[in-house]
Amino acid sequence: MSDRQTTALQQLWPVYGLRVCDAVSSDPAVPFDAAGLFGRRAPLVLEIGSGMGDTTVEMAAADPDRDYLAVEVHTPGIANLLDLLHRRELGNVRVAEGDAVELMKGLPPDSLDAVHVFFPDPWPKSRHHKRRLIQPTHVALLRSRLAVGGTLHCATDWAEYAEAMRVTLDADPGLVNLHDGYAPRPAHRPVTRFERRALRVGRPIADLIYRRR
């Protein structure tokens, strides 16, 4: 990590950060306390795999009436997001370190207004497909955490994964595609450096947006 990121992690983690293992309980009688975490009650957006944090910060800054919970495992990305939050003085974002699936298991059903899964690892080798986030069991879990009318928005630059995502999401009986196949690129999703690199080498971007029935 850079010196800037190291300093951000040391100084800002107590302000914005939490560990998944500390935030969720295996006891269903002890629900995840979003209101206590953010200091208010507001619709909650779960950002799975926030990367370096650019997208999370831009979307949260443009959407102050909702709270954003970003979950990531990459320490430099977490540190960079903490620094961006501090520089932008954003109070509606918290950063969780750990396994997104374990976090989802600890969230109450019907508690999320939206879930964003932008550019997850495509695990391109066939023997690694079981590691992909968008697969039937995980999608069912994600859908159960969405409130009725809540949205699941996925994006990828890997064509084979995009098609596998679409087939998996279409097969979930509790989700409905808001578009005929892939969605037009939403203006509210910022273009990231990662996305620009993908476009430069000729990999098209696919967005998929579904709503919980």
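Which residue in β8 does L152 stand opposite? L152 stands opposite Y210.

## Ground rules

This is a predicted model: local features need pLDDT of at least 70, side-chain atom pairs count only at pLDDT 80 or more, and totals for chains, interfaces and linings use all residues. Residues are numbered from 1 along each chain as its sequence is written, and side-chain values use heavy atoms, leaving out hydrogens and water.

Helices (H or I, at least four residues) and strands (E, at least two) are DSSP runs, numbered from the N terminus. Two strands pair if DSSP finds at least two bridges between them.

## The sheet

The order β1-β4-β3-β2-β5-β6-β8-β7 describes an open sheet of 8 strands, and its pairing is mixed. Its edge strands are β1 (17–19) and β7 (175–177), and each of them pairs on one side only. From one strand to the next, the twist averages 20°. Helix α1 (residues 3–16) packs on this sheet and touches β1 and β4 (93–97). The direction of α1 makes about 75° with that of β1. Axes here are lines fitted to C-alpha atoms, for helices over the stretch in contact, and angles run from 0 to 180 degrees between N-to-C directions.

Strands of a sheet pair through backbone hydrogen bonds, either parallel or antiparallel. Strand β6 (residues 146–156) takes part in both kinds of pairing. With β8 (residues 206–212), β6 runs antiparallel, joined by 6 bridges. In that pairing, C154 stands opposite L208 in β8. With β5 (residues 112–118), β6 runs parallel, and 6 bridges join the two. Here F118 stands opposite A155 in β6.

## The crossover and helix α7

The chain crosses from β5 through α7 to β6, and this β-α-β crossover is right-handed. That term applies if, with the strands pointing away from the viewer, the path from the first strand over the helix to the second runs clockwise.

Helix α7 (residues 136–145) is mostly covered, with 7 of its 10 residues buried. Buried means under 20% relative accessible area, exposed means over 50%, and partly exposed lies in between (1.4 Å probe, protein chains only). The buried residues of α7 are H138, V139, L141, L142, R143, S144 and R145.

V115 is found in strand β5. V115 counts as buried because its relative accessibility is 0%. Leaving aside neighbours within four places in sequence, V115 is in contact (heavy atoms within 4.5 Å) with L46, I48, L142, L146, T151, L152 and H153. F32 is 83 residues from V115 along the chain, and their C-alpha atoms are separated by 16 Å.

A96 is found in strand β4. A96 is also buried, with a relative accessible area of 0%. Beyond its neighbours within four places in sequence, A96 is in contact with L18, V20, L69, A70, V71, E72 and L103. A96 and E72 are 24 residues apart in sequence, and 6.4 Å apart in space, C-alpha to C-alpha.

T56 lies in helix α4 (residues 54–61). T56 counts as buried, since its relative accessibility is 1%. With neighbours within four places in sequence set aside, T56 is in contact with E47, S50, A70, L81 and V93.

## Rings and charge

The structure holds 1 aromatic pair. Rings of Phe, Tyr and Trp (its six-membered ring) pair if their centres lie within 6.5 Å; planes under 30 degrees apart count as stacked, over 60 as edge-to-face and the rest as tilted.

R189 lies over the face of F118, at 5.7 Å from the ring centre. A charge sits over a ring if NZ of Lys or CZ of Arg is within 6 Å of the ring centre and within 35 degrees of the ring normal.

## Two positive phi values

Most residues other than glycine have a negative phi, and most peptide bonds are trans. E89 has a positive phi of about 55°, although it is not a glycine. E89 lies in the loop between α5 (75–88) and β4. At 70% relative accessibility, E89 counts as exposed.

D110 has a positive phi too, near 65°, and is a residue other than glycine. Its place is in the loop between α6 (100–106) and β5. D110 counts as partly exposed because its relative accessibility is 44%.
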